[in-house]
Amino acid sequence: MDDRLTIDPAAAAWLQPHLPPPAPASRRPFVTLTFATSLDSSLSLAPGVRTRLSGPESKAMTHYLRSRHAAILVGVSTVLADDPGLNCRIAGAASHPRPVVVDPHLRWPVAAQDKVLQLCREGKGLAPFVLTALEPAQVPAASAALLHGLGGKFIHVPSSASADSSGRLRFQWRDILAALQAEGLASVMVEGGAGIINSLLHPACQDLVDSVIVTIAPTWLGRGGVVVSPERVQDDSGVPVPAARLSSVKWHPFGEDVVLCGKLQK
């Protein structure tokens, strides 16, 4: 069965100004932050619950975006919850993006039956690069051999990482982008999950984001969902102020969904 997707040429042209240029600046990879959300800013109904939000038109748009980036990045929680393929199914795509999994503690037990690896064996995707704080000698040999045999690998990220409020290690975004640049990946599409998205929306990281593309589905998921909401920001007197705002905003309907494009105000 042919599962390739198509995008309207006019819609592709509308997206063009928000995509990586043919020759991105060498200082760091071009970063596009993109995700699908409900009307109440939720990515899913609950942690670990796979929730489909995008309609067929905006789903095709997402795969078109993947075709225009060198890499697609997700956190390990997304891999554990969704078993995603992380490939590109847009018709006419010349290549697939390199999947990148942010996994400081190596929580993902890489296995041959994982969808991303199955697609790689079928020639429908690439094997992932896994960013981890573990030293190479600490990575399970079988997992390393499995990834290496398919063209993927584990990449040790230097330990300038910090712990979040739960004590879990989080990489610094500049270290992540430096690791991608060292692998020759000139652009990256950051898709999720919530922890990854919210950390990139932190004021200290907003200067690293070149483009924001958000699909808004016409549905409310209700309280208790996994929400996109960056940390609260206050001014010098302790008064709350907006955490982030987009400029150069454009909107476009994709079926029943609406896609928002913009740039984070610096």
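Analyst: **On the way to a pocket**

K124 sits in the loop that links helix α4 (115-121) to strand β5 (129-132); helices (DSSP H or I, at least four residues) and strands (E, at least two) are numbered from the N terminus. The model is predicted, so local features need pLDDT of at least 70 and side-chain atom pairs 80 or more, while totals for chains, interfaces and linings use all residues. Residues are numbered from 1 along each chain as its sequence is written, and side-chain values use heavy atoms, without hydrogens or water.

K124 counts as partly exposed because its relative accessible area is 38% (buried is under 20%, exposed over 50%, partly exposed in between, with a 1.4 Å probe and protein chains only). From the C-alpha atom of K124 to that of L86 there are 9.9 Å, although 38 residues separate the two along the chain.

A second stop is V249, in strand β14 (residues 246-254). V249 is also partly exposed, because its relative accessibility is 36%.

Now for the second largest pocket, which has 17 lining residues (a pocket is an open set of points on a 1 Å grid over the protein atoms alone, with protein on both sides within 12 Å along at least five of seven lines; lining residues have an atom within 4 Å of a point). Nearest the centre of this pocket lie F35, L201, V214, V228 and L260. Strands β1 (30-37), β10 (211-216) and β15 (257-264) each give at least two residues to its lining. By class, 13 of the lining residues are nonpolar, 3 polar and 1 charged.

Conventions:
1 Å grid on protein atoms, 1.4 Å probe; cavity = no way out; pocket = protein on both sides within 12 Å on 5 of 7 lines; lining within 4 Å. Nonpolar A, V, L, I, M, F, W, Y, C, P; charged D, E, K, R; others polar.
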